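Take a look at the fold below.

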Amino acid sequence: MEIAYLQTPVGIAEFQGDEEGLASISILDENKPIGIIPEILEDAVYQLKEYFEGSRQQFDLKLNPSGTDFQKKVWEALLEIPFGKTISYLELSKKLGDVKAIRAAASANGKNPLWIVVPCHRIIGTNGDLIGYAGGLHRKKWLLEHESPAKQIALF
């Protein structure tokens, strides 16, 4: 498994993957030396860099996350949420075909190993609250504002 790091506006992103695909992208709270990016991870790092620059809204990467069948089903559903849009945990469970699976869907969402690429940050509470984000609510807020079609302009 190869590892690479990328400095982003919300912290250091750690990429892990091999020829089978990208296994994980996570956000770290501690600093890591960026170093050389292994060839197998260059495209993933480049695409995430484009996302943060505002020039990429969709990813085209070979993904290979580890998880249960149900978790993978949830992560596939997350990939269908368009850039700049959000849905609730309840809407997610309905997409999965079982409104009673809301807690299981929320748990699978929280175990998503592919930060941003599989957009778990686009899931919000039914009342619109920013809840349940493993990377921290400050990061979730930043990501949703970054993807928002209506950019806030500073008045002063």
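S24 counts as buried, because its relative accessibility is 14%. Buried means under 20% relative accessible area, exposed means over 50%, and partly exposed lies in between (1.4 Å probe, protein chains only). S24 sits in strand β3. Helices (H or I, at least four residues) and strands (E, at least two) are DSSP runs, numbered from the N terminus. S24 touches E14, F15, Q16, P113 and L114, leaving aside residues up to four places away in sequence. Contact here means heavy atoms within 4.5 Å.

A word on the source: this is a predicted model, in which local features need pLDDT of at least 70 and side-chain atom pairs count only at pLDDT 80 or more, while totals for chains, interfaces and linings use all residues. Residues are numbered from 1 along each chain as its sequence is written, and side-chain values use heavy atoms, with hydrogens and water left out.

Now the core. In soluble globular proteins, nonpolar side chains tend to be buried together. A nonpolar core is a set of buried Ala, Val, Leu, Ile, Met, Phe, Trp, Tyr and Cys residues joined through side-chain atoms within 4.5 Å. The largest one here has 34 residues. F15, I25, L48, F52, L78, L92 and W115 have the most contacts inside this core. At least two core residues come from each of β1 (2-8), β2 (11-18), β3 (21-28), α1 (42-53), α2 (69-78), α3 (89-95) and α4 (102-110). Helix α1 gives the most, with five residues. Why does this core lie between domain 1 (2-53) and domain 2 (69-147)? Both domains give residues to the core, so it lies between them. The domain bounds come from an automatic or database domain assignment.

L78 shows some of the packing. Leaving aside residues up to four places away in sequence, L78 touches L92, N109, V118, P119, C120 and I123.

Back to α1. This helix has 12 residues and reaches 16 Å from its first C-alpha to its last, close to the 16 Å expected at 1.5 Å a residue. The expected span is 1.5 Å times one less than the number of residues. A44, V45, Q47, L48, E50, Y51 and F52 of α1 are buried. Their cover includes β1, β2, β3 and α5 (137-147). After α1 comes G54, with a positive phi near 90°.

Next, the charged pairs. The whole structure holds five salt bridges. A salt bridge is a side-chain nitrogen of Lys or Arg within 4 Å of a carboxyl oxygen of Asp or Glu. One of them joins the side chains of D29 and R139 (2.8 Å, N to O). D29 lies in the loop between β3 and α1 and R139 in helix α5, so this pair ties together parts 110 residues apart in sequence. D29 is exposed, with a relative accessible area of 67%. R139 is buried, at 7%.

Another salt bridge joins E80 and K95 (3.8 Å, N to O). E80 lies in the loop between α2 and β4 (87-88) and K95 in helix α3, so this pair ties together parts 15 residues apart in sequence. E80 is exposed at 56% relative accessibility. K95 is partly exposed at 45%.

K141 and E145 also pair, their closest N and O atoms 2.9 Å apart. Both lie in helix α5, four residues apart, about one turn of the helix.
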